[in-house]
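Subject: Handover of a structure

Dear colleague,

Please find below the structure that I am passing on to you. After it comes a short account of what was found.

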Amino acid sequence: MGIPKEGADKGKYLQEYLIAGSIAGIVSRTFIAPIERVKILYQITKYSSSSQRGYIHYVPQIYRTEGILAFWRGNTAAVIRVVPYMSITFLSYEKYKAMLTALEMESNLCNLLAGSGAGITAVITTYPLDLVRARLAKQQTGIKSQKYSNMWDAIINIPREEGRQTGDGKLRIRALYRGLFATMIGEAPYAGLKFCIYEAMKKALGERWGLTEAQLSPLVRVSCGALSGLMAVNVVYPFDVVRRRMQTHEGGSALYKTPFHAIARIINEEGVVKGLYRGLTLNYIKTVPNVAIYMSLYDVVKNTLVKRAQKREEEEEEARRGAQRTREAQRPINRIASLQKRRTSSTPPLMSAHLTSQPPATTPANKPL
């Protein structure tokens with residue numbers, strides 16, 4: 001597959017890995033954007049006996065009132081977020097994993113903790129873009145309800161709006177981090193479980209089939225990734241519902257006191273299945289193609305970039321060897337020239353002049369009578 005071996009070469013093509021991951025993330029995120037927008041709208045709508053329609057009715061409603069491009073509303077913020085988010089996630093995961101491995105920690109626990117730490121690090125760094133993406137996705141039913149024209153307009157005006165609503169008129173940057181705690185509580189176990197299950201499944205299948213990790217096919221990797229994502233999301237999905245509701249709440253006061261207060265209130269008002277796990281089926285529909293596209297495209301782009309880098313290294317190595325051969329071939333010539341120069345410089349000047357001005361020696365044949 002053209003993938004470098006583990007060990008010394010693992011971090012050699014880090015730039016190629018990050019570029020491949022970013023491209024794969026952008027494509028997969030754009031592909032599942034319509035599903036994600038419908039899921040957000042469905043999540044933030046409270047369940048009631050008078051409104052029992054499922055998520056399907058959102059599709060014709062969005063198309064009829066806003067047009068086909070409305071399904072990708074908020075995707076710009078999501079795409080801009082996914083590049084640093086994925087880069088930070090993978091870099092943090094490798095860093096934390098190396099630190100924990102040095103402590104001789106058991107592999108599954110190491111992957112769990114490293115993945116959790118990486119998820120928290122990436123969430124804190126890119127959270128405002130996630131909130132803006134949710135606010136933009138919430139907007140619907142025409143121009144009247146569109147408070148924000150684009151991502152930058154939302155980033156600027158959300159802190160201003162909270163300042164006006166609280167009465168002091170101050171810029172409230174914390175408004176861009178509403179729901180952060182709920183997101184961290186959900187993301188830590190989600191990322192940890194996803195990395196842990198993914199690595200454990202690859203290891204188990206490799207041992208069963210007598211293959212090394214590098215010999216596993218892309219299809220096996222896609223399957224492991226999809227299953228690990230589906231298994232992890234079942235555990236933490238309620239926090240995803242809570243964070244979306246907290247992100248899209250636009251009042252001056254908080255919608256819920258804490259994430260756990262939110263869970264208790266949702267269960268009391270809407271129930272577990274219709275409340276905490278609202279939109280879970282859509283999340284399944286989103287996760288499978290998202291992971292499949294991401295994993296397969298990541299492999300293709302990564303292998304292409306790595307092969308180019310390897311070819312460039314081979315050309316540079318060949319040029320270096322050619323220059324070395326040229327220097328080695330030139331070395332005897334340079335040595336001879338150096339010896340001749342030293343001999344010339346070591347001859348005394350007077351002796352050299354005497355030898356050059358002395359007439360040719362006479363022989364008996366031309367001796368004068």
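Let me begin with helix 1, where Glu16, Tyr17, Ala20, Gly21, Ser22, Ala24, Gly25, Ser28 and Arg29 are buried. Here, buried means under 20% relative accessible area, exposed means over 50%, and partly exposed lies in between (1.4 Å probe, protein chains only). An α-helix has 3.6 residues a turn, so residues three or four places apart point the same way. Helix 1 covers residues 14–31, and its 18 residues should span 26 Å at 1.5 Å a residue; the end C-alpha atoms are 26 Å apart, which agrees. The expected span is 1.5 Å times one less than the number of residues.

Please note that this is a predicted model: local features need pLDDT of at least 70, side-chain atom pairs count only at pLDDT 80 or more, and totals for chains, interfaces and linings use all residues. Residues are numbered from 1 along each chain as its sequence is written, and side-chain values use heavy atoms, with hydrogens and water left out.

As for the whole protein chain, it has 12 helices and zero strands. Both are DSSP runs numbered from the N terminus: helices are H or I with at least four residues, and strands are E with at least two. Of the 369 residues in the protein chain, 40% are buried. Among contacts (heavy atoms within 4.5 Å) between residues at least 6 apart in sequence, 75% join residues at least 24 apart.

Asn111 gives an example of such detail. Asn111 lies in helix 5, residues 107–138, and counts as buried because its relative accessibility is 5%. Leaving aside residues up to four places away in sequence, Asn111 touches Tyr93, Lys97, Gly192, Phe195, Cys196 and Glu199. Phe195 is 84 residues from Asn111 along the chain, yet their C-alpha atoms are separated by 6.1 Å. The side chains of Asn111 and Tyr93 are joined by a polar contact of 2.9 Å. A polar contact is a pair of N or O atoms within 3.5 Å; within protein, one must be able to donate a hydrogen and the other to accept it, and residues adjacent in sequence count only if both atoms are side-chain atoms.

How many disulfides does the structure hold? There are zero disulfides, a disulfide being a pair of cysteine sulfur atoms within 2.5 Å. For Cys196, the closest cysteine sulfur is in Cys110, 9.7 Å away, which is too far for a bond. Cys196 is buried at 14% relative accessibility, and Cys224 is buried at 1% relative accessible area.

Yours sincerely
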